[in-house]
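Visitor: I am new to this structure and would be grateful for a close look at one part of it. Please take me through that part step by step.

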Amino acid sequence: MPIPRRALVAAAVALVLPLSACGSGDSGGSTDASGKIEGDITFQTWNLRANFKPYFEGVVADFEKKYPGTHVKWIDQPAEGYADKISADAAGGTLPDVVNVSPDLVAPLAKAGLALDLDKSAARYKKEYLAGAWAGHQVPGMTGTYAFPWYLNTGPLFYNKSLFEKAGLDASQPPTTYDELFTDALRLADKSDGKVATLANVPTIEDFGRYGVELMNKEGTAFSFNDAKGVQLLTKYKELYDAKALDPQALTATPESSGKKFLTGAVAMNPGSALDLGNFKKQAPNLYKNIGITDQITSTGKVNMYVMGVMVNARTKHTPAAVAFAHFVTDAQNQMSFAKKVAIFPSTAGSLDDPYFTKEDGTDETRVRVAAAKSLKIAVNYTPVLFSEQMKTALRNEIAKALQGKQSPRTALDNAVKACDTLLRQQG
């Protein structure tokens with residue numbers, strides 16, 4: 001696939017800035033973006049050069065032509081160690097002027113005063129973006145928006161119609177609510193004597209969000225996913241696990257291993273994107289013939305959105321040029337062009353109404369694209385901006401204990417919230 005999954009889905013990466021980055025020294029920059037657009041700036045992307053060099057070189061050339069007094073140096077960093085690279089640059093005062101970030105990466109930079117608040121410096125552009133996307137780089141406990149939204153992604157649930165039919169379920173009527181999902185999953189496990197699980201992964205923080213759990217307080221000072229609804233969801237997963245309706249290897253599953261289980265028919269449902277259809281066609285033609293496509297299951301009416309952003313360094317010496325370029329990269333024309341090169345979606349208002357995202361041509365690929373584009377208009381990023389990799393691990397470990405019967409779902413979530421709150425305080 002053209003962009004590694006971790007980049008496409010804006011997978012969170014732990015990032016703890018050294019205290020030296022939070023000092024009160026001279027900012028060296030201005031928050032005023034209204035001056036003349038000129039000067040030399042640097043633009044850093046995240047593992048995109050190998051597949052999209054001509055595209056980005058074209059964007060840079062177009063910008064420099066539009067603003068003759070500017071020069072943009074484009075640098076690209078590998079996926080591995082990206083967070084560490086940003087942390088080192090932030091601490092050393094060498095952070096590029098314009099930086100490709102995900103929401104979790106922008107949070108510590110914003111707290112350190114290194115991310116420009118676009119609500120102050122670029123508010124005139126806000127209306128150009130989907131509301132949910134613009135909110136994607138806001139940080140709980142802080143006022144402001146700290147990156148332009150760039151490309152988005154979401155995906156449907158795929159399901160194996162033949163496995164549903166063998167269990168006596170109507171393959172044309174896949175589950176659309178959590179109650180239906182849990183009921184169908186128990187039936188599939190029962191009819192297959194535990195050989196077919198419906199789900200392959202333990203619940204993540206975004207699953208609690210889609211279930212309608214309030215994940216965090218409004219101030220961003222404490223987590224709250226151990227409420228009654230959160231306990232209810234984990235209790236349901238425990239029931240599935242005991243019945244083998246949740247794959248026994250879910251405790252150690254990765255997206256790749258879950259995908260393989262789905263390919264081999266050991267799992268009946270799996271989340272994915274339009275990118276996966278080509279893999280099904282090549283690697284599992286029998287599955288491809290029986291593939292069902294349905295919406296993400298949610299109690300909120302809003303699916304999960306993964307969002308990438310473009311941040312402006314608050315200490316740039318050329319604020320007008322840096323803001324102008326960050327906006328240029330993420331404007332409707334350039335986002336639309338990028339979206340036609342890879343299976344991602346633009347965050348700009350109105351772009352998802354383009355026929356490319358609304359007209360089906362009879363193929364599964366366009367069916368997935370159209371459905372995803374429609375859902376993205378009101379989608380949200382459920383993963384809290386402040387939820388780090390360490391917190392994900394803490395939650396996963398406590399959930400594993402609950403599923404294995406070592407502690408109750410209530411105790412598991414209480415312990416997870418306690419661990420995550422401790423980590424949150426350590427972030428500063």
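Which strands form the open sheet whose pairing is antiparallel, and in what order do they stand?

Guide: A word on the basis comes first. This is a predicted model, in which local features need pLDDT of at least 70 and side-chain atom pairs count only at pLDDT 80 or more, while totals for chains, interfaces and linings use all residues. Residues are numbered from 1 along each chain as its sequence is written, and side-chain values use heavy atoms, with hydrogens and water left out.

The open sheet in question consists of three strands in the order S6-S5-S7, with antiparallel pairing. Strands here are DSSP runs (E, at least two residues), as are helices (H or I, at least four residues), both numbered from the N terminus. Two strands pair if DSSP finds at least two bridges between them. In general, strands of a sheet pair through backbone hydrogen bonds, either parallel or antiparallel.

At the edges of this sheet stand strand S6 (269-271) and strand S7 (291-294), each of which pairs on one side only. On average, neighbouring strands of the sheet are turned by 25° against each other, direction ignored. Such angles run from 0 to 180 degrees between N-to-C directions, and the axes are lines fitted to C-alpha atoms, for helices over the stretch in contact.

Strand S5 (residues 157-160) is joined to S6 by three bridges, and the two run antiparallel. Within this pairing, Tyr-159 stands opposite Met-269 in S6. Helix H11 (residues 255-263) lies across S5, S6 and S7 and runs at about 140° to S6; contact here means heavy atoms within 4.5 Å.

A cavity may be considered next. On a 1 Å grid over the protein atoms alone, a cavity is a set of points where a 1.4 Å probe fits but cannot get out, and lining residues have an atom within 4 Å of a point. Grid points are joined across faces, edges and corners, and a volume is the space filled by probe spheres set on the points. By this rule there is one cavity of 30 Å³ or more, and the largest cavity holds about 70 Å³ of space. Among the residues that line the largest cavity are Thr-154, Gly-155, Pro-156, Asp-295 and Gln-296. The lining also includes Val-303, Val-368, Ala-371, Ala-372 and Ser-375. By type, the lining divides into five nonpolar, four polar and one charged residue, where Ala, Val, Leu, Ile, Met, Phe, Trp, Tyr, Cys and Pro count as nonpolar, Asp, Glu, Lys and Arg as charged, and the others, Gly among them, as polar.

Methods. 1 Å grid on protein atoms, 1.4 Å probe; cavity = no way out; pocket = protein on both sides within 12 Å on 5 of 7 lines; lining within 4 Å.
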